Amino acid sequence: MFMSCNAWIVSIGNELLIGRIVNTNATWLCRKLLILGFSVKRVLTIPDSEEDIVEVVRECVNKGVRVLILTGGLGPTYDDITSEALAKALGRGWEVNSEAYSMVVEKYRSRGFEITNYRVKLAKMPLNSKPLPNPVGTAPGIFTIEGNTYIFALPGIPSEMEAIFNSEVEKILGEIGSKTYFLEGTIIVEGVPESIAAPIIDKYMKRHGKAYIKSHPKGFESSKPVLDIRVLVGGVSVSSAEAECSEIVRELSGELVQNGGFIRSTSIQRLNH
């Protein structure tokens, strides 16, 4: 692919590892990071364990990964340890951030709740961190930089994570991303089994080294095959990406027809602006 900036996504929570919660956050973040010009190299799921969090954060920083996004473990309960473990991993103090404390106090008092030690915990973060306002919930997100790595810790609740990312994280990442324009082409073809389409797709992948082409079976391989083929192309300009994507969709569709396929539909859409 065309991207030069790499990223890791780390989902934290015992509930993910026992199968009680489906990890939709990672999928959502992968898509957002893609259109911002980042190549996601790892998606990890780890327990609410200080040892595991410290290990993965230090590995990420030592490898010089550009962006690390942690989700989960920012709440008031005993097993919400992401912020404290992050401080330990970075060798920093873990203290109440005055700006974050003001955010937390305002949230709770506006709802008529007292400020307890458990709620103050939401305002504690590694030294030299910036709190990210949470427009949906009570726990602020955390942003800090260590070496070459931009680190974000976000709540695990999807609505809160997405709100903080859209309002705060996206602006920060927009300044360091690869400035790549992405287009996605779609081909829906009937009558071509995936086993026949595979070598054709492989040929176009090799011919267009910066494109990513993937088939998704929707029918039955042996009787009524239907393929949803996605063509992802990145370029330094919209026109160059659009030209290459259009060429691949047109030529690939033609070759699928030659192999007995019926093209139900094709489309091309721009993913970022």
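My entries on the helix pair, the pocket and the cavity follow.

**Ground rules.** I am working with a predicted model, where local features need pLDDT of at least 70, side-chain atom pairs count only at pLDDT 80 or more, and totals for chains, interfaces and linings use all residues. Residues are numbered from 1 along each chain as its sequence is written, and side-chain values use heavy atoms, leaving out hydrogens and water.

**Helix pair.** I looked up α2 (residues 24–35) and α7 (residues 158–174), whose axes come within 12 Å and cross at roughly 20°. Helices here are DSSP runs of H or I, at least four residues, and strands are runs of E, at least two. Axes are lines fitted to C-alpha atoms, for helices over the stretch in contact, with angles from 0 to 180 degrees between N-to-C directions. So α2 and α7 are roughly parallel to each other (angles under 35 degrees count as that). On the α2 side, the contact (heavy atoms within 4.5 Å) includes W28 and L29, and on the α7 side it includes M161 and F165.

**Pocket.** A pocket is an open set of points on a 1 Å grid over the protein atoms alone, with protein on both sides within 12 Å along at least five of seven lines; lining residues have an atom within 4 Å of a point. I found 29 residues lining the largest pocket, with G72, G73, P155, G156 and I157 nearest its centre. Elements giving two or more residues to that lining are β1 (5–12), α1 (14–17), α2 and α7.

**Cavity.** In a cavity, a 1.4 Å probe fits but cannot get out. The largest cavity has 14 lining residues, and L74, S83, K121, L122 and K124 lie nearest its centre. Here α4 (82–90) and β5 (124–126) each give two or more residues to the lining.

Note on methods
Parallel < 35°, antiparallel > 145°, perpendicular 65-115°, else oblique.
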